[in-house]
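Please read this briefing with the sequence and the structure open beside it. The points are grouped by topic.

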Amino acid sequence: MAFDGITVACMAHELHKTLSGGRISKIAQPEADELLLTVKSPSGNFRLLLSASASLPLVYLTGANKPSPLTAPNFCMLLRKHISGGRILSVTQPSMERILRFEIEHLDEMGDLCRKYLIVELMGKYSNIIFCSDTDRIIDSIKHVSAQVSSVREVLPGRPYFIPDAMEKADPFTVDEAGFTARISGKAMKLSKAVYTSVTGISPIAAEEICHLAGMDSDRAAGSYGTDELVHLYRTFRRYLEPLQEGEYEPAIYYEGKRPVEFSCLPLSLYADCRRETFPTVSAMLEHYYAEKNTLTRIRQKSTDLRRIVQTALERNVKKYDLQSKQLEDTKKREKYRIYGELINTYGYGVEPGSKSFQAVNYYTDEEVTVPLDPQITVQENAARYFDKYAKLKRTFEAVTQLLAETDAEIRHLRSIQTSLDIALQEEDLTQIREELMESGYIRKRPAGGKKPKITSRPFHYVSSDGFHMFVGKNNLQNDELTFQLAKGNDWWFHAKGAPGSHVIVQTDGAELPDRTFEEAARLAAYYSSRREGEKVEVDYVEKKHVKKPHGSKPGFVVYYTNYSMMIDPDISGIRML
């Protein structure tokens, strides 16, 4: 479910209950659009994450800390000046909007008690964190919005703060029966869409749930329903939202198999067939659902430039490979020209001058062939011309074959870097990938004497159920390091068959691996490959001593000839990471 007004209402209730009376002890801004507040409240210490990310706006309590930049951004410094040490009086949500309003009491520079408001707007690309005075005048915001960007509202220091009502939706707690039915029946669209475009804070999935509970077809046109049916829908709608007014909610995530498909603070009968996992708090639910997604979204944004470089180079090499393949296809005629030349030298003495062709038996296949001739030149000159064409195509074949192999290696290398970018979880991982792109010539190398960044990225480290240490390379440089520096001859090496992916090393210390460890290592190799979305992945495994690196080959490229294989699912949920 989207971070809709229902989820925000539950979060507001949870934060008010948990943080009211607490004091803000630390303020950090780990990302350009994200704050991390540490609050000391009567019930304990809490970290509050506030994210105004355009792709994934979030608010929840978390136990995880995040590194901050060495120099705090201006907005962070401003908040520290005004509300560091301030006391949170309340956390509220105005009119089921996707907005959280933190009322904070603090002492000003003169020692007088005053109030400020920290407002978090969770509205997709329009998300923002706005700091306001007690008169609702904007002091500053984490994102500035000028009149050139938005004609509806400026978000700049000194401007008045207000909530734009561009959609003219009704408040779900104050709309009456007549107002609700009039809004729904007056819209020429399907019923569920009419619901969520008429009432504030209702997401499409919540609208579908309300229609489902009412026993009404959500895809049917809203205007085709009668008054009695719409009154029934309104009463179902009111019953559905009743728990929110009482501060009652049941945070849960719904799963299809092992894949989370939806989360909700109110029960979803739409997903009655799915496995339902409940959580004690809204924050725990959101952190569980979004933690990995938020990390991947952030790292994907930071890797955009690298992805663009790799994608551009890949497209260029794929085009080059197609052209070279066509050139190679054209050289297949070379043997025909050689045979024509030999047949002319063998049988050409009987050909009349000026002939355009002659028939001869191909002594390689015992088939009769027609040999074309140029009547303007002699038979011997025709033979010489065919041998020249053969020699030229043979040279082309040899050269293009070599070029094709080089281009294919380049394509496989670039695809392996794409997989490395998909695997990366931290900015340090991107630093090592950038170094690889520099070494490969895709990025301009730093000037002579330029400081090389410290490489702090390390391979993933897992422990099997049987206690064996397993290492997974995050990129090609780490793959080479694991396979040819860390691993010993009798350690086992795993890799997804015929696909870009990580090298997985299992350290044996001379012991024999149990079958369960083989399977867990294979799962790691399957998961950290380009085929991780598949149900089953074929994985090759072999003792490290049988893995060789050809001289001059690309980073991460190896060869092996004696190996075992297994089909395995890429599920690593039960494998312990250190």
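**Briefing**

H11 and H12 are roughly perpendicular to each other, because angles of 65 to 115 degrees count as such. This is a predicted model, in which local features need pLDDT of at least 70 and side-chain atom pairs count only at pLDDT 80 or more, while totals for chains, interfaces and linings use all residues. Residues are numbered from 1 along each chain as its sequence is written, and side-chain values use heavy atoms, with hydrogens and water left out. Helices (H or I, at least four residues) and strands (E, at least two) are DSSP runs, numbered from the N terminus.

**Helix packing**

- Two packed helices are described by the angle between their axes and the distance between the axes.
- For H11 and H12 the angle is about 95 degrees and the axes are 8 Å apart. Axes are lines fitted to C-alpha atoms, for helices over the stretch in contact, and angles run from 0 to 180 degrees between N-to-C directions.
- On the H11 side the meeting residues are Gln432, Glu436 and Glu439, and on the H12 side they are Asn476, Leu477 and Gln478. Contact means heavy atoms within 4.5 Å.
- The residues of the contact of H11 with H12 comprise one nonpolar, three polar and two charged. Ala, Val, Leu, Ile, Met, Phe, Trp, Tyr, Cys and Pro count as nonpolar, Asp, Glu, Lys and Arg as charged, and the others, Gly among them, as polar.
- Helix H8 (residues 304-330) packs with helix H11 (residues 427-439) at an angle of about 30 degrees, and their axes are 11 Å apart. H8 is therefore roughly parallel to H11, a label for angles under 35 degrees.
- The crossing of H8 with H11 is left-handed, meaning that the near helix is turned anticlockwise from the far one by less than a right angle.
- Asp305, Leu306 and Val310 of H8 make this contact with Leu430, Arg434 and Leu437 of H11. Four of the residues in the contact of H8 with H11 are nonpolar, none is polar and two are charged.

**The open sheet**

- Seven strands form an open antiparallel sheet, in the order S20-S19-S17-S18-S16-S15-S21. Two strands pair if DSSP finds at least two bridges between them.
- Strand S20 (564-568) and strand S21 (576-577) are the edge strands, and each pairs on one side only.
- Strand S15 (residues 460-463) and strand S16 (residues 469-472) run antiparallel and are joined by four bridges. Histidine 461 has phenylalanine 471 in S16 as its bridge partner.
- Helix H12 (residues 476-486) lies across S16, strand S17 (492-496) and strand S18 (504-506), and runs at about 140 degrees to S16.

- Strand S3 (residues 44-51) pairs with S4 in the antiparallel sense over five bridges, and a hairpin of six residues joins S3 to S4. Leucine 49 has tyrosine 60 in S4 as its bridge partner.
- Strand S4 (residues 58-62) is largely enclosed by the rest of the structure, because five of its five residues are buried. Buried means under 20% relative accessible area, exposed over 50%, and partly exposed in between (1.4 Å probe, protein chains only).
- In a regular strand the side chains alternate between the two faces of the sheet. In S4, Leu58, Tyr60 and Thr62 are buried on one side, and Val59 and Leu61 are buried on the other.
- Threonine 38 is in strand S2 (residues 34-41) and is buried, with a relative accessible area of 17%. Beyond four places in sequence, threonine 38 touches Arg23, Ile24, Ser25, Lys26, Phe46 and Arg47.

**Loop residues and positive phi**

- Most residues other than glycine have a negative phi.
- Aspartate 136, in the loop between strand S8 (128-132) and strand S9 (138-141), has a positive phi of about 60 degrees. Aspartate 136 is partly exposed, at 26% relative accessibility.
- Aspartate 366, in the loop between strand S13 (357-362) and strand S14 (367-372), has a positive phi near 60 degrees. Aspartate 366 is exposed, with a relative accessible area of 65%.
- Arginine 98 lies in the loop between strand S5 (87-92) and strand S6 (99-107) and is partly exposed, at 35% relative accessibility.

Key
Parallel < 35°, antiparallel > 145°, perpendicular 65-115°, else oblique.
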